[in-house]
Amino acid sequence: MFVIVGLGNPEKKYFHTRHNVGFDTIDALSDKYGIGLTETKFKAVYGKGRIGNERVILVKPLTYMNLSGEAVAPICNYFKVDTKTDLIIISDDVELDVGKLRIRPKGSSGGHNGLKNIIAQLGHEEFTRVRIGVGKKPKEWDMVDWVLGHFEGEDASSIKEGIDNACDAVVEIMENGTDSAMNRFNGKK
């Protein structure tokens, strides 16, 4: 069983912001594979179902971004998921162009507070992550305002394509492994 977690913030004012592309990807997977996000427990909303031959749990933490690990660790513990092999975290990345993907089998938080908290709660950084580019912050912008801002113009279509590719990358990870997904999707827009 895979636990697939999209990072974001739960309030309506944060919907479809740069910081919430993880939530948007979980919603896209939910729609595409008919997995309702109907259960609320472990400080998260989640749904169980199948993608291909794999049993999955799609998760959106309700803890706010900086405390994401407080939802991820309990749900993985409860369902006895090996977080080093069967956990996939989807998050935004301000160092990548809008819609580009970066998949990694492990690594540091890269300054992302949601990932930092997950690493702290799990006690390791050896989980698969799919990072979706949301564009670099313009010099005149504050970082918080940038990541909590919405996509406009060409960026809106680029992020939709990036989310679609992230969904395909998650399936590739489950079916053929992280290395295969990295070869197919890293840098793809």
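Two residues are taken to be in contact when heavy atoms lie within 4.5 Å. The model under study is predicted.

**Exercise 1.** Determine whether Gly6 is buried or exposed, and state which residues Gly6 is in contact with, leaving aside neighbours within four places in sequence.

*Solution.* Begin with the location: Gly6 belongs to strand β1. Next, apply the cut-off, by which buried means under 20% relative accessible area. Gly6 has a relative accessible area of 0% and is therefore buried. Beyond neighbours within four places in sequence, the contacts of Gly6 are Gly22, Phe23, Ile26, Val59, Lys60, Pro61 and Ile90. Finally, consider a C-alpha separation: Gly6 and Ser68 are 62 residues apart along the chain, and their C-alpha atoms are separated by 9.6 Å.

**Exercise 2.** Decide whether Ser30 is buried or exposed, and list what Ser30 touches, not counting residues up to four places away in sequence.

*Solution.* Ser30 is part of helix α1, residues 21–33. Its relative accessible area is 11%, so Ser30 is buried. With residues up to four places away in sequence not counted, Ser30 touches Ile35, Gly36, Leu37 and Leu58.

**Exercise 3.** Identify which residues of helix α2 are buried and what covers them.

*Solution.* Helix α2 spans residues 69–78, and its buried residues are Gly69, Ala71, Val72, Ala73, Ile75 and Cys76. The elements covering these buried residues include β1 (2–6), β3 (44–51), β4 (54–61), β5 (87–93) and α3 (113–122). After α2 comes Lys80, with a positive phi near 55 degrees.

Technical notes:
Residues are numbered from 1 along each chain as its sequence is written. This is a predicted model: local features need pLDDT of at least 70, side-chain atom pairs count only at pLDDT 80 or more; totals for chains, interfaces and linings use all residues. Side-chain values use heavy atoms; hydrogens and water are left out. Buried means under 20% relative accessible area, exposed over 50%, partly exposed in between (1.4 Å probe, protein chains only). Helices (H or I, at least four residues) and strands (E, at least two) are DSSP runs, numbered from the N terminus.
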